[in-house]
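Okay, thanks for making time, everyone. Let me put the model up and then walk you through it.

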Amino acid sequence: MFKNCLVVFLVSMVPLIELRGAIPYGMLFGLPLWLTYIIAIVGNMLPVPFIYLFARRILVWGKDKPVIGKFFTFCLEKGEKGGRKLQEKAGRGLFWALLLFVGIPLPGTGAWTGTLAASLLNMGLKKSALACMGGVLLAGCIMGLLSLLGVSVVGTIG
C-alpha cells in the first residue's frame with residue numbers, strides 16, 4: 001500500500017500527467033478514493049511555488065543558450081502570448097479563468113501550466129497558488145468521479 005501511495009504522490013508531481021494520471025492509478029491499484037485524492041493533491045501542489053518563483057527565471061536564462069535556446073524562447077513567447085490572450089478575455093476575472101484552466105482535466109492544462117502562465121502574467125504568488133489549488137481540487141473531483149465510473153464499469157465486465 002505504501003508503494004502505491006508513493007507512486008500516486010510522485011506521478012501527481014509530473015508535468016502534463018499530474019493528478020489526472022495519479023488518481024486513476026491509485027484507484028486502479030485499490031487505494032481508497034479519499035486517500036488517493038489527498039495524496040495526489042498534495043503532490044500536485046508541492047511544485048507550484050517553485051514553478052512560480054523559478055520557471056520564468058530559468059526560461060529567460062536559457063533563451064540564449066546554444067542547445068536549449070530555441071525551445072526556451074518558444075516557451076516564453078507562447079506563455080506570454082497565451083497569458084496576454086487569457087488576460088484580455090478574462091479581464092478582472094483572471095483568478096477564475098486560471099482556476100477553471102487548471103481545473104478542467106485536459107492535456108496541457110494543470111497546475112504546472114497554470115502556474116507558469118500566472119508567473120508570466122505577474123499575477124502574484126498567493127493569488128495564483130489559490131487559483132491553482134481551487135483548480136487542482138476541481139480536477140481531483142472530476143478525475144475521482146471518472147475513475148469511480150471507470151472502476152465500476154471494469155468491475156462489472158470482469
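So, Gly 144: at 3% relative accessibility it counts as buried, where buried means under 20% relative accessible area, exposed means over 50%, and partly exposed is in between, with a 1.4 Å probe and protein chains only. Gly 144 sits in helix H8. Leaving out residues up to four places away in sequence, Gly 144 touches Ile 23 and Leu 33, and a contact here means heavy atoms within 4.5 Å. Leu 94 is 50 residues from Gly 144 along the chain, and their C-alpha atoms are separated by 26 Å.

Quick caveats. This is a predicted model, so local features need pLDDT of at least 70 and side-chain atom pairs count only at pLDDT 80 or more, while totals for chains, interfaces and linings use all residues. Residues are numbered from 1 along each chain as its sequence is written, and side-chain values use heavy atoms, with hydrogens and water left out.

Now the overall picture. The protein has 8 helices and 0 strands, and along the sequence that reads α-α-α-α-α-α-α-α. Helices (H or I, at least four residues) and strands (E, at least two) are DSSP runs, numbered from the N terminus. The C-alpha atoms fill a box of roughly 55 × 35 × 25 Å, taken along the principal axes. Of the 158 residues, 39% count as buried. Take the contacts between residues at least 6 apart in sequence: 68% of them join residues at least 24 apart.

On to the core. By nonpolar core I mean a set of buried Ala, Val, Leu, Ile, Met, Phe, Trp, Tyr and Cys residues joined through side-chain atoms within 4.5 Å. The largest one has 27 residues, and Leu 19, Leu 98, Met 123 and Val 136 have the most contacts inside it. Which elements give two or more residues to this core? They are H1 (2-12), H2 (18-28), H3 (33-45), H6 (94-103), H7 (111-120) and H8 (125-157). Apart from that core lies another, of 5 residues, among them Phe 72, Cys 75, Leu 76 and Leu 120.

Glu 18, in helix H2, is buried, with a relative accessible area of 1%. Not counting residues up to four places away, Glu 18 touches Val 11, Ser 12, Asn 44, Gly 110, Ala 111 and Trp 112. Glu 18 and Trp 112 are 94 residues apart in sequence, but 8.4 Å apart in space, C-alpha to C-alpha. Then there's Thr 36 in helix H3, buried with a relative accessible area of 0%.

Helix packing next. The axes of H1 and H3 come within 7 Å and cross at roughly 40°. Axes are lines fitted to C-alpha atoms, for helices over the stretch in contact, and angles run from 0 to 180 degrees between N-to-C directions. H1 and H3 are therefore oblique to each other; under 35 degrees counts as roughly parallel, over 145 as roughly antiparallel, 65 to 115 as roughly perpendicular, and the rest as oblique. On the H1 side, Cys 5, Val 8, Phe 9 and Ser 12 meet H3 residues including Leu 35, Thr 36 and Ile 39.

H4 (residues 48-62) and H7 have axes that come within 9 Å and cross at roughly 60°, so that pair is oblique as well. Among the H4 residues that meet H7 are Ile 51, Tyr 52 and Leu 59.

Cys 141 is in no disulfide either, as its nearest cysteine sulfur, that of Cys 132, is 16 Å away. Cys 141 is partly exposed, with a relative accessible area of 46%.

Technical notes. A disulfide is a pair of cysteine sulfur atoms within 2.5 Å.
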